[in-house]
Amino acid sequence: MWERIFVILRKELIQALREPRMRVLLFVPPMVQLIVFGFAVNLDVDHARIAWMDMDRTPESRSLRDRFTGSGRFDIVSAPGSEAEVQRALDRGEAQAVLRIPQGFARDTARGRSTEVQILVDGTNSNTASLVASYAGSIIAEYSVNLMERQQRVKVLTRSPGSAVSMATPQVTARSRVWFNPDLYSRNYFVPGVIANIIMMVTLMLTALSIVREKEIGTMEQLMVTPVRPIELMLGKTLPFALVGLMDVVLVTVVALLVFHIPLRGSFLLLLFCAVLFLMTSLGAGLFLSTISQTQQQAMLGSFFFSTPAFMLSGFAFPIRNMPVAVQYLTYLNPVRYFIEIVRGIFLKGAGVDVLWPQMAALTIYGITVLSLSAMRFQKKLD
Amino acid sequence: METIIEIRSLTKRFGELTAVDHLDLTVAKGEIFGLVGPDGAGKTTTLRMLCGLMDPSEGSARVAGHDVARDSRAVKDQIGYMAQRFGLYQDLTVEENMVFYADLFGITGETRAQLTAQLLRMTRMEPFRTRPAGQLSGGMKQKLALMCTLLHRPRILFLDEPTNGVDPVSRRDFWAILYQLLKDGITIFMTTAYLDEAERCNRVGLMHKGKLIRCATPGAMKAETGSATLEGAFIQTIHAVDGATA
């Protein structure tokens, strides 16, 4: 049995490594993905461009402006003088937000009256918009607290001269500390997820393609008259791509650590082991695809049909918690979801088996089910 | 004479269509038997059932003493099968293709080396052993395919239109190899669209709409219909059957 599996495995490897196109296909897409997600996809808001419309022009309004520029999160790119200019700045995307200080800002605050500062945010990118709005809001809130304190002090001092009065004003401030990804780099969030992405692509698509290709060129019919058993053919066809998938995991991890400085706080061996668990599912899905496709095009389309929703619903890019409740339940059917949780857990939290066992169990059950269902469909008869 | 293929009432249905309809036939050991007939007559389906690639809907067939449906693994050890579009790995060389098939049959080491060399010599393919199969001519591909089916020394060879689309010179070479195999005692069961090839068979079976309508030596067929050529004999026989059922 093992001799025949080895014969097929060796043939697959010769074929995969002989064709230059294939060689490229095995290792370049992982690198491209990694670079795209590592460098290009950045959801952090740093140096947001804002327009500053100051209709008050007082030392007070300037001091608020200084707080914005001093925060490091905002760059003031223009100072529109009219509504038309505000409109234009937002239309053209020159500014992501406009801050408008109303006339009488200093006068009202000096009299102890409330006043409003308007923030106009470009909402075309909702994620950036909400971040910009919340940063701006927090700067203004801070300014407001400060102002209050100062006025309180003035009031107290002027009302009862000479007497000892406590200057303290009670305050509750939220002091948040972020664990696991203290600087909230979106890179730390995305790059580990790429591992799941790559294993999925390589194993699902290549397994399906390599089996369907044998059907297309007619070698499958020829293999059927040899003593090869279906299970041997299956293993011989899937093991090479499992190996390639694991090599890609190592490759991606090394680049993630060296180039992107993603922390790997957990065990790399555990990561590899979980990758093997995940591989059972994606190889099984690839086998299944090969049993229902007659041509390589069908197999290719089929793999997109499977992998696109699997990714959308994995929490790789879009947080599962933001999905409608029904869809959230649906994600429990998605093996990629579990693997993404495992990968992030191992990389960022240093989680071990004690924490990750539910996900690992889910992947194991999933893998065995998918693999045996596909194996049952994978017969060695023509009709 | 010893019977090596015994077909009893073999039937294959695909839904409504009956591709092979109660076929009865025996082939003797060492014989070369040709199955002819129009496209869609059911020749390939018959061959696939005999090789254990498809299970019959009805009836049975024994090949080299084993039932093709129940004991297909035993059958596969005894036969070589060359499909109409034989699958060669285009990106593997002549030698790699041969080694791959030999290994799958468990033929390794010294035996494999000897057999490979012997086959390459017989087909005069020695100079091309390191050439990728994709870069061979049509005739050479055919020879390579034949070699791959011969590596495990089968007793029966099933060939499905083996010389389809091959130039006349290569076809002659190919037949020279077949005669050599017959001399070694191998039984050949083939389908063909070329009637000059059918003429070289010991016996021919004419299939039409899933039925075997005539089975005899080429000479007897011509004599019965009074036709000078095998082609004329076939057309007359087919028309006679169609006329009777219409």
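These legends go with a set of close-up views of a predicted model.

**View 1. The six-stranded sheet of chain B.** Here we have an open sheet with its strands in the order S6-S7-S8-S3-S9-S10 and with mixed pairing. At the edges are strand S6 (79–82) and strand S10 (211–216) of chain B; each has a single partner strand, so one side of each is left without a neighbour in the sheet. Ignoring direction, neighbouring strands of this sheet are turned by 15° against each other on average.

**View 2. Strand S8 of chain B and its two partners.** Zooming in on S8(B), residues 187–191, we find that five of the five residues are buried, so the strand is largely enclosed by the rest of the structure. On one pairing, strand S3 (residues 32–36) of chain B runs parallel to S8(B) and is joined to it by four bridges. Look for B:Phe33 here, which sits opposite B:Phe189. In the other pairing, strand S7 (residues 156–160) of chain B also runs parallel to S8(B), this time with five bridges, and B:Leu157 stands opposite B:Ile188.

**View 3. S3 meets S9, with helices packed on the sheet.** S3(B) also pairs with strand S9 (residues 203–208) of chain B, in the parallel sense and over four bridges. A handy landmark is B:Gly34, found opposite B:Val204 in S9(B). Helix H1 (residues 43–50) of chain B packs on the sheet, where it touches S3, S7, S8 and S9 of chain B. The direction of that helix makes about 150° with that of S7(B). Another helix to pick out is H5 (residues 138–150) of chain B, which lies across S6 and S7 of chain B and runs at about 155° to S6(B).

View 4. Leaving aside residues up to four places away in sequence, B:Gln236 touches B:Thr225 and B:Ser227. B:Gly226, ten residues from B:Gln236 along the chain, has its C-alpha atom 9.8 Å from that of B:Gln236.

**View 5. Helices H13 and H14 of chain A.** Helix H13 (residues 335–349) and helix H14 (residues 353–377) of chain A pack at an angle of about 145°, their axes 9 Å apart. Their crossing is left-handed. Among the residues that meet are A:Tyr338, A:Phe339 and A:Ile342 from H13(A), and A:Leu356, A:Met360 and A:Tyr366 from H14(A). By class, the contact comprises ten nonpolar residues, two polar and one charged.

**View 6. Where chain A touches chain B.** In this view, 21 residues of chain A are in contact with 22 residues of chain B. On the chain A side, helix H1 (2–18) and helix H8 (219–224) each supply at least two residues, and H1(A) gives the most, with six. The class breakdown for that side is nine nonpolar, five polar and seven charged residues.

**View 7. The two domains of chain A.** Chain A divides into domain 1 (2–41 + 194–377) and domain 2 (48–158). Taken over C-alpha atoms, the centres of these domains are separated by 50 Å.

Methods: Residues are numbered from 1 along each chain as its sequence is written. Chains are lettered from A and ligands numbered from 1 in the order in which they are written. This is a predicted model: local features need pLDDT of at least 70, side-chain atom pairs count only at pLDDT 80 or more; totals for chains, interfaces and linings use all residues. Two residues are in contact if their C-beta atoms, placed from the backbone, lie within 7 Å. Ala, Val, Leu, Ile, Met, Phe, Trp, Tyr, Cys and Pro count as nonpolar, Asp, Glu, Lys and Arg as charged, and the others, Gly among them, as polar. Domain bounds come from an automatic or database domain assignment. Axes are lines fitted to C-alpha atoms, for helices over the stretch in contact, and angles run from 0 to 180 degrees between N-to-C directions. A crossing is left-handed if the near helix is turned anticlockwise from the far one by less than a right angle, and right-handed if clockwise. A residue is buried if 20 or more other C-beta atoms lie within 10 Å of its own, exposed if 12 or fewer, and partly exposed in between; C-beta atoms are placed from the backbone. Two strands pair if DSSP finds at least two bridges between them.
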